[in-house]
Each structure stands twice: as C-alpha cells, then as structure tokens.
Amino acid sequence: MKVRIASPLRSYTGNASAVVADGATVAELIDDLDHRFPGLAFRIVDEQGQLRQHMVVWIGQERCRDLSTALDGVDEVVIMQALSGGCIG
Amino acid sequence: MTIGTETPWSTRADFEAVGAEMPTDLDGPKLLIGTRKGAWILAADAARERWAVTPPMFLGQIIQHLVLDWRDGRTMLMATKTGHLGPTVFRSTDGGCTWTEANRPPKFRAGDAHGRSVRTVFWLAPGHADEPGAWYAGASPQGLFRSTDGGDTWDPVDGWNDHPNWGTWAEWPDVEGTPDGSMLHSILVDPRDARHLYLALSGGGVFESSDAGGDWRPLNAGCAADFLPDPDVPTGHDPHCVRLHPQRPDRLYQQNHCGIYRMDRPAERWQRIGDNMPRDVGDIGFPVELHPRDPDTAWVFPMDGTDVWPRTSPDGRPAVYVTRDAGDSWSRLDAGLPPRAWFTVKRQAMTVDDRDPVGVYFGTTGGEVWASADEGAHWSRIVGHLPEIYSVEMA
C-alpha cells in the first residue's frame, strides 16, 4: 500500500514523500518500513511498542494509535507528526 | 542512515569567520557545540585569538551531547532527537565529515519490567583507554547503556537498569522529577580500572560500581538534600555534575543542587567545599570543570538558587569562580564578562582545553560561547546568536 511520509522522516526514505510497504496491521506495516528504511521505526515507535507521543498514523480520515489495527482493504496510510497547537520554541 | 557532507570540517574552507577576520590557521582547540536546534563546531587559531564556525549540522534537531572519542581523535557521537521523533545516536568516524545513525540506538529491553522507554539520550562518555570502541550513554528515564563498537549498537547495562534498588534510587515514574525528565549523567570511568565506574542521577544521587556495572552502591554521604523532609538520606540527592581528575582519579568534584563538594577516595564522605564560596554568591550551579594537570584547580559557574530558582547568575552578574587549593578558597573571574546578564550555563556546557595556560569555555542558554585563554582571568565572547546551548565539549 502507499504510505505517505512526513518531512521529519524523509531522511530515511531518500527524501521520498510517499513509499510502498506492506502489512496486515499498522505494526506490521511499520516493521516493513523499517526493513526497507532501517532506523525509521524507532523514531516513531518506542521499544515497548507504543507510538511516540507526537506522532500520528492516519488511516483514511481516522487517527490511529492502536498499532494492532488491521489494514484490510486499506490502500493508503499517512505517518505524520502531531501538531499540538503550540510550541515553546 | 548516512548524512553526508562534501568535505571534512577540518578543512579551513568549511568554516566561516566568527569575527571580522578569519583565523590564519585552525591549529587551536575545537569546540563541539550541541544546542536545542542543531550542532556547530568552533575552531580557533593556535593562539586562540580568532575563531571560525561551521554551518549548522542537524539543524533543528535537539542535540543534548556531542562528544569526541579522545582515544582515536576522530570518532564523534551525537545524542539527538527532534520535537516529534524518538531519541537516537549518530556517529562519525571521520571527524564530523559524515554521520551515520546507530544501527541499534540505546533502548530498554522490550517487555521491560518497569515499562521504560528512552525519551532522551542525555549523556555520552567514551569508555576506558584499554577498551577502544567502548562507550557509555545515560538516558532519561535514568537508564545506562553501553556500546562496544564505537556507538553503532547499544545494550542496556542490566546491572544498573535492572538493579533491585533501581526503583528506589531512580526517579520513577518521573512525573515529579526534573522538568525535562530525570536523567542519568556524569558517567565516569576510573583510568586505572575499567571496571570501576561512577554515575550520577538528577535526581537520585551518585553511585559507584567496582565490577563494570554489575552491581552498584550509593555514594552520597555528606551531601545536602535540602529539598527532602529528611535531609540525611542515603539516596535522593541531586548531583548536577560530577568530575574525576584524570591525573588523580581518587579525587572527585561535584556540583550539586545543594552545594559544591570534593571527595578524596578512599573517603566515603563528600566535603562541602562550597562553604568557602562568598555567602552572597552561594555554591549552587550546574557545571564543574577541572584543570587537566592540577587536581587542586577547578572552575564553577554559580547560579541563583534562591526563591523560585531562576538559575541565572546571582544578582545577574555572571562570573566563573576558580579554586586553586581544592576548594579551600575561591576567586571570582569576571573580567570581560557582561556586567549584567540573565543566562544559564547548563551542566554539559562548560569545558577546558589541555593547553598551557588552560583555556576555559562555556556556552549559555542565550546562545553565546565565552572563552578564556588564560584560565579564566580574561573572557571574550567568541560566538553569539546560536540557539540555546546544551553542551560544549573539547575536540
């Protein structure tokens, strides 16, 4: 499926804003991305398997934080940094 | 992942003059600057009079620590994260020319009993001279990690991270800890014995291992803990920075949240040498730096620890203080520093070179680097307008 990649992660994808990866779940998809682009997964998922606080996975119009979510019939996933409505600098 | 640059930073053409004139050579010390928004390298001429600076590296990334491996003179490790992405380590084996991400960055084990995950790699320290390629990393939460391959792959030091007392010694869960997270820092390796280690927790205290990190014990007797209801406790202290003298490894200096201390092993009790500081200045601060050859000489940068802890210089009058007699007396060194300023110098943001006389350097939260080529007697600002400076290390 198509995976759109946020700009902070594009140093891993050769600056590609969209790549192709596979997986039956979001976790499997991220594992496959890490296989294709080593190091990418740990920047967005911690060692306990939790999506990092300021990262967001979109499946269609739905935000997804449960990495066990199935991707049946999904043809596009977006991995994006969260915009939290402010910044201290 | 490799981030490449075309030419090494050791090439003079890669630098820009900081002041009006470019240094005629770059044979002097180099400073590795880690900031909230990237890293820079500063280079001086042999006279340490003129400085040049590189363009930013890793612009926008949070660089907690950028450290040269003094054993080979060319390997550098950089502790980094971004506002969104998780923590990692980048490494260079060519003096900063190209950078490659660690294949296995510091991380706790999956299924960790405490449920810990690394938020920040905070401190990097080369290992013993007899163990080339060995490095230690301290993190937030307060984990200890070790690499044996020059920082490419890291493993948890189980003797620390899974110590039965870790949950008592460390701040966990660290919801009440240091605003940026409780951290492990000041990882010290005894140059006589690779198995003899110290580390410090903010907060938590100083700890010692004599078996390469297999077991640990607190080393806090004599340290104040004014913020605890019972100040006479074995752990829970707040060391800000601990240094071991390379020529006299039994001598430790500590800048603590509650004073400046010295310990001469095998003593087990810290002596509060900060009591000899002027009363109106006090002995609160973040960094302490040691003369590379004289174990009796150390520099500190006092800060205001009154009221709500502004952490700026007392009365807004920045000054370095030096002792030449192991803390029995202190002298103020402020010639050339601004008469009034309101910055903070963080624990990794002060360093010394090994020249004679020794150069002393510090970086500020206001993005300035100040230098003295005469052991602190005279100061000049060598660069400004950088982001908030987190670390200044010698290269």
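1. Let's start with a pair of strands in chain B of this predicted model. Strands β10 and β11 of chain B run antiparallel, and six bridges join them; β11 covers residues 135-140. To see the pairing residue by residue, find B:Leu124: its opposite number in β11 of chain B is B:Ala137.

2. Now widen the view to the sheet around that pair. In chain B, four strands form an open sheet in the order β10-β11-β12-β13, with antiparallel pairing. Which strands stand at the edges? They are β10 (120-126) and β13 (155-156) of chain B; each has a single partner strand, so one side of each is left without a neighbour in the sheet. A handy reminder as you trace these: strands of a sheet pair through backbone hydrogen bonds, either parallel or antiparallel.

3. Strand β3 spans residues 30-35 and strand β4 spans residues 38-44; they run antiparallel and are joined by six bridges. One place to check this by eye is B:Thr35, which stands opposite B:Gly38 in β4 of chain B.

4. Finally, turn to where the chains meet. Contacts link 16 residues of chain B with 16 residues of chain A. What kinds of residue does chain B bring to the side that touches chain A? There are six nonpolar, seven polar and three charged residues on that side of chain B.

Key:
Residues numbered from 1 in each chain as written. Chains lettered and ligands numbered in written order. Predicted model: local features only at pLDDT ≥ 70, side-chain atom pairs only at ≥ 80, totals over all residues. Pairing = 2+ DSSP bridges. Helix = DSSP H or I, 4+ residues; strand = E, 2+ residues; numbered from the N terminus. Contact = placed C-beta atoms within 7 Å. Nonpolar A, V, L, I, M, F, W, Y, C, P; charged D, E, K, R; others polar.
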